[in-house]
Amino acid sequence: MTTVLRPHAEDQYADELAILAKSDDRPRPPGWKLSPWAVTTYLLGDDAYPGGPITPKYIGPRRIVEVAVATLATDRALLLLGVPGTAKTWLSEHLAAAVSGDSTLLVQGTAGTAEEAIRYGWNYARLLAEGPSREALTPSPVMRAMAEGRLARVEELTRMPSDVQDALITVLSEKTLPIPELNEEVQAAKGFNVIATANDRDRGVNELSSALRRRFNTVVLPTPATPDEEVDIVSRRVSQLGRSLELPDTPAGLEEIRRVVTVFRELRSGVTSDGRTKVKSPSGTLSTAEAISVLTSGIALAAHFGDGVLRPADVAAGIVGAVIQDPVSDRVVWQEYLETVVRERKDWRDFYRACRDAS
């Protein structure tokens, strides 16, 4: 696995999953690798777990995770809804890894996603040579999940055309997938369910039909509630990414992390952290995920082109690039924020100069 850039969750955290499975004596739903309680422990972490520490995969309200896990133990599918960067994909991957031991049964929703991605396709060479048969059929990830009793993941559900979305209705309501060409059907084995994600910013792109929405239990993932919580999330992910990418050892300075998080939170909310000054918000989302990206790029700069210490100049260019999505309106917003807020903070002088130079 050392040559893999991003291991699947079930591979990267195989030791923790094994520790939990070994000591897990609570009831498990049919087809589950772990009990709902153990899945929740895997996601939220437990430093004092008897078999060894379990690292947190998701930092947020415990009740949200419990509702998501409990939903998957019923006959209703799970829809993770939230603004960009709220760890919807991350959470869905780890849910699938803990419940099924396999997070790879994935359908990526785009405007070009075809119905075959939900149902099945055909190996046309065999179809022409032999006619319709099971051997000529190419199962979709959803079809495989049904046959094997696993979780299927559907990313960016509202990005998919409406007719493709509706291919899920029979799967979710009847738990069967008809194959009329063969006069057969695939019935879902126990353990099958679907985790879908959708973006708050995509409202109006391809809205879910009321029939499909009724098949899902929707869990809304919030943005981090406090600056300290967001700093903790960013610090953990930056450290994990640094190890995964095998970047030279560069201490991720907590001061720079806190600055980036503060800038992003203030521009997102439209007001400074002390509540005294209103600021304009740019067109971008400035999510936690983007803060992680800015700091990871800064660490790479510091490691390869600096002195190995993360400094304001290393993160400044990344911040400017994240904030200024629209070269006209966002530039005005950024310059105003820089001059009216950042410049007035005496302990941010080096950060102000670095951002001004990068702008």
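Colleague: How many helices and strands does the protein chain have?
Modeller: The protein chain has 16 helices and 9 strands. Please keep in mind that this is a predicted model.

Colleague: What box do the C-alpha atoms fill?
Modeller: Taken along the principal axes, the box is roughly 75 × 50 × 40 Å. The accessible surface of the protein chain comes to about 17100 Å², and carbon and sulfur atoms account for 51% of that area.

Colleague: And what share of the residues is buried?
Modeller: Of the 359 residues in the protein chain, 47% are buried. As for contacts between residues at least 6 apart in sequence, 71% of them join residues at least 24 apart.

Colleague: How far apart are the mean positions of the positive and negative charges?
Modeller: They are 4 Å apart, counting 42 positive and 49 negative charges.

Colleague: Which residues lie on each side of it?
Modeller: N193, I195, T197 and N199 are on one side of strand 8, while V194, A196 and A198 are on the other. Both faces are covered.

Colleague: Which sense does its pairing with strand 1 have, parallel or antiparallel?
Modeller: Strand 1, residues 77–82, pairs with strand 8 in the parallel sense over 5 bridges. In that pairing, G82 has N199 of strand 8 as its bridge partner. Strand 5, residues 151–155, also pairs with strand 8 in the parallel sense, over 4 bridges. There, R153 has I195 of strand 8 as its bridge partner.

Colleague: What about strand 6 and strand 7, which way do they run?
Modeller: Strand 6 (residues 176–179) and strand 7 (residues 184–187) run antiparallel and are joined by 4 bridges. T176 stands opposite Q187 of strand 7. The two strands form a hairpin with 4 residues between them.

Colleague: Which residue in that turn has a positive phi?
Modeller: That is N183, with a phi of about 55°, although N183 is not a glycine. N183 counts as exposed because its relative accessibility is 73%, where the cut-off for exposed is over 50%.

Colleague: Where else is there a residue with positive phi that is not a glycine?
Modeller: E156 is one, with a phi of about 55°. E156 is found in the loop between strand 5 and helix 8 (162–165).

Colleague: On to the helices. Which residues of helix 4 are buried?
Modeller: In helix 4, residues 62–72, the buried residues are I64, V65, A68, V69, T71 and L72. Seen down the helix axis, they fall within an arc of 160°, so they line one face of helix 4. An α-helix has 3.6 residues a turn, so residues three or four places apart point the same way.

Colleague: What covers those buried residues?
Modeller: The cover includes helix 3 (36–44), helix 5 (88–100), strand 1, strand 5, strand 8 and strand 9 (216–220).

Colleague: And which residues are buried in helix 7?
Modeller: Helix 7 runs over residues 141–148, and V142, M143, A145 and M146 are buried there. Their directions from the axis fall within an arc of 160°, so these residues line one face of helix 7. Just after helix 7, G149 takes a positive phi of about 70°.

Colleague: What takes a positive phi just after helix 9?
Modeller: K175 does, at about 55°. Within helix 9, residues 167–174, the buried residues are A167, L168, I169, V171 and L172.

Colleague: One last topic: where is P282?
Modeller: P282 is in the loop between helix 12 (254–269) and helix 13 (288–305). P282 is buried, with a relative accessible area of 10%.

Colleague: Which residues is P282 in contact with?
Modeller: Leaving aside neighbours within four places in sequence, P282 is in contact with L267, V323, D330 and V333. P282 and D326 are 44 residues apart in sequence, with their C-alpha atoms 8.3 Å apart in space.

Methods. Residues are numbered from 1 along each chain as its sequence is written. This is a predicted model: local features need pLDDT of at least 70, side-chain atom pairs count only at pLDDT 80 or more; totals for chains, interfaces and linings use all residues. Side-chain values use heavy atoms; hydrogens and water are left out. Buried means under 20% relative accessible area, exposed over 50%, partly exposed in between (1.4 Å probe, protein chains only). Contact means heavy atoms within 4.5 Å. Accessible areas come from the Shrake-Rupley method with a 1.4 Å probe; for residues, only the protein chains shown count as cover. Lys and Arg count as positive and Asp and Glu as negative; His and the chain ends are not counted. The place of a charge is taken as NZ of Lys, CZ of Arg, CG of Asp or CD of Glu. The arc is that of the directions from the helix axis to the C-beta atoms. Two strands pair if DSSP finds at least two bridges between them.
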